[in-house]
Amino acid sequence: MRLHIRNRQMERSLRLRGLVTDIDGTITDQKRRIHTGAIDLIRELMDEGIFVILASGNTSCFMDAVSKMIGTPGTYIGENGGIIRNGYSRDIVLLGDGVAPRNALKTLVDAYRTRGIEIEHYSLPYRFVDVAFARTVPPGEVREIVRDHPVEVLDTGFAIHIHPPGVNKGIAFSQLAGLMGLKTRDFLAVGDAENDIELLRRAGVGVAVANAHPDLARTADLITQREYGEGFVEGVKEYLSYFLER
């Protein structure tokens with residue numbers, strides 16, 4: 001299914017200067033293996049002077065490493081909007097407080113431990129704002145257990161995250177774009193999950209890969225025919241001319 005740029009006036013005036021993309025499920029395959037064609041395309045854009053932001057639920061350690069290996073300058077969103085970094089030479093900026101998520105996690109761990117169930121943490125010592133763990137327990141049940149804590153529960157399809165209210169990729173995107181001297185509408189956004197919705201809403205153009213969550217697909221200007229990394233390549237190439245001077 002294909003959609004089009006939101007209106008013809010936008011189509012005539014649109015000039016893209018940057019790309020913001022999710023990682024897992026967007027520039028990977030279903031097994032989280034990175035799609036080399038997606039990396040090649042990102043590098044080609046960067047060689048043309050296009051700004052690139054990587055956006056993920058992963059930790060700063062992961063984001064630093066993957067950014068370096070892909071070849072981006074360390075402009076990224078981590079912890080689903082909990083942290084941003086505007087390049088390796090600058091410090092990580094925290095966009096939330098990690099105390100409430102950790103308190104909620106303790107309640108959750110205690111509740112499941114009484115039933116003989118252990119929560120599998122994901123990189124807990126390296127997270128500043130959110131917490132994340134394996135999808136071995138039902139997200140709805142998690143929400144019920146932590147309902148008295150001032151937190152939100154997010155199921156990305158790869159992990160369950162607990163974060164403070166008001167933390168999301170979209171808010172982080174606005175903050176980081178501003179630090180880069182850009183506007184969010186200067187960007188093409190690509191994603192696959194519910195936590196990418198605010199990225200697509202704020203971007204000049206939003207692309208959902210074919211494996212995207214239905215709610216994200218409804219937000220997109222384009223839904224690709226292909227899934228995962230293949231869909232990323234398809235979607236970016238569809239709007240490649242908008243990265244050029246118009």
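Which strand and which helix each supply at least two residues of the lining of the second largest pocket? The points below take up this question after the overall fold and the cores.

1. Basis of the note. The model is predicted, so local features need pLDDT of at least 70 and side-chain atom pairs count only at pLDDT 80 or more, while totals for chains, interfaces and linings use all residues. Residues are numbered from 1 along each chain as its sequence is written, and side-chain values use heavy atoms, with hydrogens and water left out.

2. Overall form. The protein chain has nine helices and eleven strands, these being DSSP runs numbered from the N terminus (helices: H or I, at least four residues; strands: E, at least two). Its radius of gyration is 18 Å, which agrees with the value near 18 Å for a compact globule of 246 residues; the radius is taken over C-alpha atoms, and the globule rule is 2.2 Å times the number of residues to the power 0.38. Along the principal axes, the C-alpha atoms fill a box of roughly 60 × 40 × 30 Å.

3. Of the 246 residues, 54% count as buried (buried is under 20% relative accessible area, exposed over 50%, partly exposed in between, with a 1.4 Å probe and protein chains only). Among contacts (heavy atoms within 4.5 Å) between residues at least 6 apart in sequence, 58% join residues at least 24 apart.

4. Nonpolar cores. The largest nonpolar core has 32 residues, and Leu188, Phe232 and Val236 have the most contacts inside it; such a core is a set of buried Ala, Val, Leu, Ile, Met, Phe, Trp, Tyr and Cys residues joined through side-chain atoms within 4.5 Å. Helices H2 (36–47), H3 (60–70) and H9 (228–238), together with strands E2 (51–55), E9 (187–191) and E10 (205–208), each supply at least two residues of this core. The largest share, five residues, comes from H2. Another core, of 23 residues, lies apart from it and includes Met180, Ala189, Ile197 and Ala217.

5. Helix H3. The buried residues of H3 are Ser60, Met63, Asp64, Val66, Ser67 and Ile70. They pack against H2, E2, strand E3 (75–78) and strand E4 (83–86). Just after H3, Gly71 takes a positive phi of about 110°.

6. Largest pocket. About 210 Å³ of space lies in the second largest pocket, and about 270 Å³ in the largest. A pocket is an open set of points on a 1 Å grid over the protein atoms alone where a 1.4 Å probe fits, with protein on both sides within 12 Å along at least five of seven lines; lining residues have an atom within 4 Å of a point. The largest pocket is lined by 21 residues, with Asp24, Gly57, Asn58, Phe158 and His161 nearest its centre.

7. Second largest pocket. In answer to the opening question, strand E7 (152–155) and helix H7 (197–202) each supply at least two lining residues. The largest share, three residues, comes from E7. Among the lining residues are Asn80, His163, Lys169 and Glu194.

8. Glu141. This residue lies in helix H5 (residues 139–145) and is partly exposed, with a relative accessible area of 28%. Leaving aside neighbours within four places in sequence, Glu141 is in contact with Tyr112 and Arg115. Glu141 and Asn80 are 61 residues apart in sequence and 21 Å apart in space, C-alpha to C-alpha.

Methods
Grid points are joined across faces, edges and corners, and a volume is the space filled by probe spheres set on the points.
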